Amino acid sequence: MNVEPLSPGWHAALAEAWEAYLRGSYPIGACVVDANGQVIARGRNRLGEPRNVEGGFIAGHDLAHAEINALLNLTDTPSPECHGWTVLTTVEPCPQCAGAILMSGVRGVDYAAPDPWAGSKRLLTDDPYAVAKGMRVGRAPENVQRLALRLVLTGFLEDGLDRMGPFLKTFDGYRADVEFAADLHKSGALAALRDREASLDEALELLA
């Protein structure tokens, strides 16, 4: 199946998610794009990597989320220019990442997969401080939402999370994608791509 064309920003975010999966972390990626949609910073989930807090990223630490690493990858946040920038993330930000984005100077967030367990977009839309800042929250195109959700769900299953456990049960509203991920996990096809460090394009073809 052919994958629909992706914008440079969403391609970068998914590439970071795939790289996270290849390196043994949850497959979540993020990038920051400027007002013209150009990628100016990238980051990936690094929870499964050796502990490190140098070189412009955090790894092996509870703070080592994709959005945090993308923000750390920014060389500067000049105001008011950075107000027009947007964080693109493959999964709805958690409270930590929503708060970091809110305080970073970047005022836009678009996310792909929902996170019914810890997703905290409300901190960017309902909090009076966020409202006063004029935070913008949007969604990825539907094809990106589907790809990102299937990828992260497969990653959760491969990490040993119980399909019927309380965490994955929160995704019951996305049952078709959960079943797709469960079948993919059972087949071992995505893991096989990881074992040979296949390209993102190969992974997206499988996820589509």
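This is a predicted model: local features need pLDDT of at least 70, side-chain atom pairs count only at pLDDT 80 or more; totals for chains, interfaces and linings use all residues.
View 1. On the α1 side, Trp-10, Leu-14, Ala-17, Trp-18 and Tyr-21 meet Val-144, Leu-147, Ala-148, Leu-151 and Glu-158 of α6. Sorted by class, these contact residues are nine nonpolar, no polar and one charged. The two axes cross at roughly 10 degrees and come within 11 Å of each other. An angle under 35 degrees counts as roughly parallel, so α1 is roughly parallel to α6.

**View 2. Helix α1 also packs with helix α10.** Welcome to another face-off involving α1, which spans residues 8-22. Here α1 packs with α10 (residues 200-207) at an angle of about 90 degrees, and the axes are 10 Å apart. Angles of 65 to 115 degrees count as roughly perpendicular, and α1 and α10 are therefore roughly perpendicular to each other. Look for His-11, Leu-14, Ala-15 and Trp-18 in α1, which meet Leu-200, Asp-201, Ala-203 and Leu-204 in α10. The contact of α1 with α10 has six nonpolar residues, one polar and one charged.

**View 3. Glu-16 sits within helix α1.** Is Glu-16 buried or exposed? Its relative accessibility is 12%, and buried means under 20%, so Glu-16 counts as buried. If residues up to four places away in sequence are not counted, Glu-16 touches Ile-28, Gly-29 and Ala-30, and also Arg-42, Gly-43 and Arg-44.

**View 4. Val-3 lies in the segment before α1.** With 24% relative accessibility, Val-3 counts as partly exposed. Which residues does Val-3 touch, not counting those up to four places away in sequence? They are Leu-147, Leu-204, Glu-205 and Ala-208. For a sense of scale, the C-alpha atoms of Val-3 and Leu-168 are separated by 26 Å, and these two residues are 165 residues apart along the chain.

**View 5. Helices α6 and α8 cross at an angle.** Helix α6 covers residues 142-158 and helix α8 covers residues 175-187; they pack at about 50 degrees, with axes 8 Å apart. That angle makes α6 oblique to α8. The crossing of this pair is right-handed. From α6, the contact is made by Arg-146, Leu-149, Arg-150, Leu-153, Thr-154, Leu-157 and Glu-158. From α8, the partners are Asp-177, Val-178, Phe-180, Ala-181, Ala-182, Leu-184 and His-185. By class, the contact of α6 with α8 holds eight nonpolar, two polar and four charged residues.

**View 6. Aromatic rings gather in a cluster.** How many aromatic pairs does the structure hold? There are six. One of them joins Phe-167 and Phe-171, an edge-to-face pair with ring centres 5.7 Å apart and 70 degrees between the planes. Both Phe-167 and Phe-171 are buried.

**View 7. A cis peptide bond joins Ser-79 and Pro-80.** The omega angle of this bond is about 10 degrees. To find the spot, follow the loop between α2 (66-72) and β3 (86-91), where Pro-80 lies.

**View 8. Gln-96 belongs to helix α3.** The helix runs over residues 95-104. Gln-96 counts as partly exposed because its relative accessibility is 26%. Leaving aside neighbours within four places in sequence, Gln-96 is in contact with Asp-62, Leu-63, His-65 and Ile-68.

**View 9. Glu-197 has a positive phi.** This phi is about 50 degrees, although Glu-197 is not a glycine. Where is Glu-197 placed? Look in the loop between α9 (189-195) and α10. Glu-197 is partly exposed, as its relative accessible area is 48%.

Methods
Residues are numbered from 1 along each chain as its sequence is written. Side-chain values use heavy atoms; hydrogens and water are left out. Axes are lines fitted to C-alpha atoms, for helices over the stretch in contact, and angles run from 0 to 180 degrees between N-to-C directions. Helices (H or I, at least four residues) and strands (E, at least two) are DSSP runs, numbered from the N terminus. Angles under 35 degrees count as roughly parallel, over 145 as roughly antiparallel, 65 to 115 as roughly perpendicular and the rest as oblique. A crossing is left-handed if the near helix is turned anticlockwise from the far one by less than a right angle, and right-handed if clockwise. Contact means heavy atoms within 4.5 Å. Ala, Val, Leu, Ile, Met, Phe, Trp, Tyr, Cys and Pro count as nonpolar, Asp, Glu, Lys and Arg as charged, and the others, Gly among them, as polar. Rings of Phe, Tyr and Trp (its six-membered ring) pair if their centres lie within 6.5 Å; planes under 30 degrees apart count as stacked, over 60 as edge-to-face and the rest as tilted. Buried means under 20% relative accessible area, exposed over 50%, partly exposed in between (1.4 Å probe, protein chains only).
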